[in-house]
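Let's take a walk through a protein model with its sequence and 3D view side by side. Keep the viewer open and find each piece as it comes up.

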Amino acid sequence: MTGTHYCNEPNLFLINMSSTGIIFNIQRFSVNDGPGIRTTVFMKGCPLGCRWCHNPESRSFGIEKISGQAVGKEYLIDELLEEIEKDRIFYDESGGGVTFSGGEPLSQPEFLKGIIKKCKNAGIHCAIDTAGYAKKEIFKELIGITDLFLYDIKLIDPVQHLKYTDVSNHEILENLDYLVKNKVKIIVRLPLIPEITAIDKNIEQIRDFLKKYKKTPEINLLPYHRIAENKYIKYGFKYMMINKKELDNAEIKHFQEIFINSGFNVNIEGN
Amino acid sequence: MNKRISKLRKQSTGIKPSISVERAQLVTEFYKSEKAQKASVPVKRALTFKYILENKQICINKGELIVGERGPAPQATPTYPEICLHSLDDLDILDTRKKIPFSSDEKTKNIFKEKIIPFWKGKTIRDKIFNELPQEWIEAYEAGVFTEFMEQRPPGHTVLGDKIYKKGFIEIIEDIRYKMKTLDFCNDPEAFNKKEELKAMEIAAEALILFAKRHSEALEKLAEEENETSEIEELRQMAAICKHVPANAPRTFREALQYYWFVHIGVITEVNPWDSFNPGRLDQHLFPFYQKEIKEGTLTKEKAKEILQSLWIKFNNHPAPPKIGITAKESNTYTDFTLINLGGVKADGSDGVNELTYLLFDVIEEMRLLQPGSMIQVSKKNPDRFIKRALKIIRTGYGQPSVFNTDAIIQELLQQGKSVEDARMGGASGCVEAGAFGREAYILTGYFNMSKVLEITLNNGLDPRTGKKIGLKTGDPSNFQLFGDLMFAFEKQMNHFINIKIRGNNIIDRIYSKNMPVPFLSLLIDDCIKNGKDYNNGGARYNTSYIQGVGLGSITDELTSLKYHVFEKKTILMDGMLAALLNNFNDYEEFRKVLINETPKYGNDDDYADDIMKQVFEIYYNAINGKPTARGGHHRINLLPTTCHVYFGSVIGAMPDGRKARLPLSEGISPVQGADRNGPTAVIKSASKIDHIRTGGTLLNQKFAPSFFDTEQGIENVMHLIRSYFKLDGHHIQFNVVTAGTLKKAKKNPEKYRDLIVRVAGYSDYFVDLTDELQDEIIRRTEHREG
């Protein structure tokens, strides 16, 4: 491995400042991460520890062997661009592009900026799927070159947020304010986790938080699926959501209506 | 669907197909007559045709709006003993086999035993073919290197153009007579042959007019016996239609369809041509009639739909004539590959989608019948709405319509030397084959097993299944130093077997043109009348013979694996690889896993494998393309399997891609089952590295879980996949939308899933009628897709 180093900033963001990136998956024909047919680049490493995380193998930074299987691969910017370019004809046809997801893509800011600049130069639509937990300066540098942010909001209550994700939501909500103020295109994504985020109080708090914006952002609800369970078993992680029931359609609709009644545009993803 | 159609549909799908002895008996009677013995070959064939149409039983089913049956009743299927003779054993097998049975009673079997078999034994076209073909051909054929289409069914695979919608048969007869009068016996050495051929066409044309007249009379008689006023009225109307067409050009929508149907019955009565017969661009041909009548108020949309549905039932009443012997394994189905083309462009190149196109979608969706098959021709000029409407039918798991690229087909046909108008008015028929409708004899001659040729190369000319030496000695592969040495040997071996196949094709071509002219089909296809030449003798404006390559994914992965592991990584020596293959990977399971999981594979947009695919394509193309045919046309290539990849796999041992002995090969240009791991865009990118424009058709199969089509967004995404593939010049793509769970249930309880139709490979079929192996293969692929 060349030139990769991690600086662990006190109490805050774990960051890979290298110009190479660690990617744990490249998913072509992605149709749920922004408009059109997309390639989703899953970047490795995340400062959050969401209990329901779908990609437990993506959390730690750096390439690792988990249960005998190598997870993560180092990419140069041009190497990654070449992979992204492979589906250009589909992006052009469908109004799609590339989405950087994770892990937390903002935790590899140098690489992310580098690849997005290259993509923009090549005329490819770029989206970032983020939990929002990063320094404002990073957002500042990205807003001019990113076409769309898929921005996760999980819990408004700061204590609950810390309890279930291991981090405070202070920066997350502030950063959202910052993006909105700068008129960046945003879709707010809200994972509906039974008994944690998918409770009336939290949903109403999120609604109220978003209502204060003059132009309310589009909202995507992401109902919890148990499909990640297998991954936890495969990689030998402890799964804290074992046997959690999935929401039924009526429950999902109920949460959707909370937003609709306040004039939001809400879609349900992954169905 | 209204009551009438629902009743007719029930009748059509409820009757078990049976063998009818009627045609065989009439043909035999006529061939024994003095008249037959005196006539020239073409005239004899025309008189045979006439004798059948004069004497066969007229069948009119209660309530139907389009009349005409090939047999004495729906699903009663004739045999063609002059071409291929069913033995008593064949009849027993057909009667009792579990899948695709044809019943026959004692009386039928007795007539076969007493009259049909004794007269035809040793005299059929099939006998002539096998007598003439050289030993090397027979050996390769028996080894499963290739198959032969024409040993049981004559050249066919033909699509009608717009001729009958403009001309009645009386006018066509005038054309024939004019041509006869202008024959130049002074300067044209062929003049006498032309005269006999034209005479035969005239007889055939008159025969069909007569056949229609018999229907008209029968309908009048039924009207007299009928008490219900409305029914009397309807029968009289139909009698009048049958009096008018095919003798005269059609005036109405309904006359046009009845005319087509008489012609269809004529073609499939004259002989049993491959892939039945096909009206082709139905929405284009019928639209002027539809538009005019709707405007004048003589036709409603509902009535037009009902008439079309009645025609659909007629198609479904006519199963493909049952085969015998080796081809029964290749492709076993009731479907006879009529493929209705919708959309595309007009002769002037403009968008061809019209109101009738959408009405035809409604018909297809409501009827959900096995036959006729349907497809959409998608041009960049067609609206999105057109594709989305088709996808909404596809998502129901019906496997139809399949999706073709008009702009690619036009380029393919132009590349083969067709005029731009003829190319635009062409399309695809059979499975996926490109042709100039109404103007071309484009004949499928057989499937070609590329992986078998590699297996023979790896055994230095021997077929390991039989131990026979049937190929060239291209060298002991253990001595090959470079991958190029292997490719050189493989290419030599490919050329050797393809040449054997082509030599055979040219012999079979001549046997048909001399012994089995088809004057009736000839008078329908331009320019047979003008040329005074039969369809089977190069009379058509364009003449093409296709050889269909099977298993492009398999052969690519096999060669890639050898290059990667033996020549580059040196994971194993050639000797070791050959030993593993010989042992069918027993005791080599770990190694087999490496071959499957740690080797570049076609279908992943990986140039390492895809470049080898391109090399294989060039070898195949160069060996075939442009080689002359005996009919004065050219050989071309196709890449499609129907179901032959199952048969071809069954004659091959274990192969270097990790495939175990006897398992199916990959189908069409699809990746090896389970080898594609990067999703549909990567498959499409790999497949688009084939130079589709230099083929006459390729077949790409993609499977989706139904949930993918649930939302408008999902439909939109699939449409974008199609448009992107077609921008890359892809020829065809089809979608199977069904879950593995459903398929498993259907396999277990076939009776509950009788009408589950799935896309097999270039056509749709009832899932429960497929062989166990094919069912398993489709289940396996579906599971893979679902992850």
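Predicted model: local features only at pLDDT ≥ 70, side-chain atom pairs only at ≥ 80, totals over all residues.

Start with chain A and look for an open sheet of 9 strands. Going across, the order is β7-β3-β4-β8-β9-β10-β11-β12-β13, and the pairing is mixed. Which strands sit at the edges? They are β7 and β13 (266-268) of chain A, each of which pairs on one side only. From one strand to the next, the twist averages 30°.

Now zoom in on β3(A), residues 21-30. This strand is mostly covered, with 7 of its 10 residues buried. β3(A) pairs with β7(A), residues 73-75, in the antiparallel sense over 3 bridges, and here A:I22 has A:E74 as its bridge partner. β3(A) is also joined to β4(A), residues 38-43, by 5 bridges, and these two strands run antiparallel as well. Look there for A:I26, which stands opposite A:V41. While you are looking at strands, here is a handy rule: in a regular strand, side chains alternate between the two faces of the sheet.

Next, hop over to β13(A). β12(A), residues 218-223, runs parallel to β13(A), and 3 bridges join the two. One pair to find is A:L221 with its bridge partner A:I268. A helix belongs in this picture too: α6(A), residues 170-181, lies across β10 (148-152) and β11 (186-192) of chain A, and runs at about 155° to β10(A).

## A parallel sheet in chain B

Over in chain B, 3 strands form an open sheet in the order β10-β13-β14, with parallel pairing. The edge strands are β10 (440-449) and β14 (634-639) of chain B, each pairing on one side only. Ignoring direction, neighbouring strands of this sheet are turned by 30° against each other on average.

How many bridges link β10(B) and β13(B)? There are 9, with β13(B) covering residues 542-550 and the pair running in the parallel sense. Within this pairing, B:Y442 has B:T544 as its bridge partner. Helix α20(B), residues 450-458, lies across β10, β13 and β14 of chain B, at about 40° to β10(B).

## A helix with a buried side

Is B:N278 buried or exposed? It counts as buried because its relative accessibility is 2%, and the cut-off for buried is under 20%. B:N278 sits in strand β4(B), residues 277-278. Leaving out residues up to four places away in sequence, B:N278 touches several others, among them B:T158, B:Y260, B:H264, B:I340 and B:S429.

B:D162 is in the loop between β3 (158-159) and α9 (169-181) of chain B. At 22% relative accessibility, B:D162 counts as partly exposed. With residues up to four places away in sequence set aside, B:D162 touches B:H285 and B:R439. As for B:R395, it lies 233 residues from B:D162 along the chain, and their C-alpha atoms are separated by 32 Å.

## Where the chains meet

Finally, bring both chains into view. The contact takes 17 residues from chain B and 12 residues from chain A. Between them the chains bury about 1400 Å², with 63% of it on carbon and sulfur atoms. In chain B, the residues that lose the most area to chain A are B:T681, B:H720 and B:K727, together 33% of what that side buries.

How many salt bridges cross this interface? There are 2. A salt bridge to look for joins the side chains of B:D605 and A:R28, at 2.6 Å from N to O.

Notes
Residues numbered from 1 in each chain as written. Chains lettered and ligands numbered in written order. Heavy atoms only, no water. Buried < 20%, exposed > 50% of the residue type's maximum accessible area, 1.4 Å probe, protein only. Helix = DSSP H or I, 4+ residues; strand = E, 2+ residues; numbered from the N terminus. Pairing = 2+ DSSP bridges. Axes fitted to C-alpha atoms, helices over the stretch in contact; angles between N-to-C directions. Contact = heavy atoms within 4.5 Å. Buried area = accessible area lost by both parts, 1.4 Å probe. Salt bridge = Lys/Arg side-chain N within 4 Å of Asp/Glu carboxyl O.
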